[in-house]
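Here are my notes on this entry, as numbered points. Please read them with the model open.

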Amino acid sequence: MFLAASLLTQVLLASSITGSPIEVHNSLITIPLTRRLKFSNGTINLSQHDNARMAAFRNYNTRRQYIDIIPVSNIYYGYNIAVDVGSPPTTYNLAIDTGSSITWLRNSAYVQTVTSVKTRQRVRQAYGYDSDYDNDGDGDDDEGEDDSEGEDEGEDDDGDEGDKVYVKGYRYSWCWLTVIAFPLTIAEIVKGIEEDEIGILGLGPRTLSLGALIDEPHERIPTITDYLHKQGRIDQRIVGVFFQPTTTEADSLCGELSFGGPDKTKCIGNIVYTRVTTIPTASNYWGINQKITYGSTEILETTAGIIDSGSTFLYIASDAFEQYQTATGGIHDEITGHLTITLTQYMALQNLNFHIEGQIFSLSRNAQIWPRPLNYKLHGNADLNAIYLIVKDIGTRSGTGEDFNLGYVFLQRFYTVFDSSSSPGRVGFAKTLFTDITTHL
């Protein structure tokens, strides 16, 4: 849980790199992103983090009842957006998360200014996870550990530990020229999230905020996209996401968000749209229906799953994963939890195909492996000859409503559009210049 002090603030989206301004074109706002590869206390197990996150997705209904600690927003491999808050402004780097919808900033990092105005709205944004989650990577369960900032002072009326207050934003600018209002949550107590995680820019569906307002639990909190549209800054409630693959550990400017519509300069060919699925649990998130084949062999019939920027790898149902392992000849590596293959097996890999609305989006053999220069980040063999597959077992058989999770390794190969202009929303995909690059080997 975290305690959030509600403040009215002036917020401006800044450029991630000095001298690279935000661009606004005919109600299309494009903002550069910085890739980050963050590890605290040395190398952490990325798979363990993903597993905790997916457990939280599966327990969506429980999360709305405010169960314990918050590990799932602790994104270790992803992208940051630079945000200026206040007047005079302070720049904060927030993680991009399509699996949550509330934008928040850690109080210990927040600098109050003359535009800070406190409100009475309280927010309790709870993220659940399985009890065996090892947050600090030390191999031990973290049950009982207290990762909060400051001390809890009493309990809420409902008996939950701590308290949260909703932060209502006041002024929000995208290019230092136009100011709009946007709600910002200031989190005073944060548990289960590393201290250098400053905050989250939530791009998930607004329905994920149900239950977050303590005094109005049946109300949804508008997202940043909702506010941009309401105040006339964009014509459509659409976010386009562009991630560029990289094989270096250093942070780099290699991504982009676009609000108001897709940035078609990043796309090759048409954008293929599909409606958000009606199958729970995927229907609560940016979930879609699709079929998956390996080569010409179907390994997962048409079913529902999630598109999630906060997960690192690509997960498929256990029965589909078993077929994939057999077809690729991959051997389970106990240290990393990944399948490993030889160079000969790599050369024989076939495309992994995602069938969406009659179109096929394929991960080439190179897109199915982890970048070898970063092998040591998997707790694996630092030998560049080791080849690890990025496809993993989701841990449940197909038919659960979350039969796949397409994480960062998928999103870096395809431009992705999240459209909430109409109910139930839709997700779009397009190829990019980086769909078929071969830099990972």
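1. Start with the hairpin. β16 and β17 form it, with 2 residues between them. In the turn, G295 has a positive phi of about 65°. Keep in mind that this is a predicted model.

2. Now the pairing inside that hairpin. Strand β16 covers residues 287-294 and strand β17 covers residues 297-307. The two run antiparallel, joined over 7 bridges.

3. β17 has another partner to look at. Strand β25 (residues 404-406) pairs with β17 in the parallel sense, over 2 bridges. Here I306 has N405 of β25 as its bridge partner.

4. Follow the chain past β17. S309 sits in the loop between β17 and β18 (314-316). Is S309 buried or exposed? S309 has a relative accessible area of 3%. The cut-off for buried is under 20%, so S309 counts as buried.

5. What surrounds S309? Setting aside neighbours within four places in sequence, S309 is in contact with I96, D97, T98, F243 and L411.

6. Last, the chain as a whole. It holds 6 helices and 27 strands. Of its 441 residues, 59% are buried. Among contacts with a separation of 6 or more, 73% link residues 24 or more positions apart. The accessible surface comes to about 16,800 Å², and carbon and sulfur atoms account for 45% of that surface.

Terms used
Residues numbered from 1 in each chain as written. Predicted model: local features only at pLDDT ≥ 70, side-chain atom pairs only at ≥ 80, totals over all residues. Heavy atoms only, no water. Pairing = 2+ DSSP bridges. Helix = DSSP H or I, 4+ residues; strand = E, 2+ residues; numbered from the N terminus. Buried < 20%, exposed > 50% of the residue type's maximum accessible area, 1.4 Å probe, protein only. Contact = heavy atoms within 4.5 Å. Areas by Shrake-Rupley, 256 points an atom, 1.4 Å probe, with all protein chains shown as cover.
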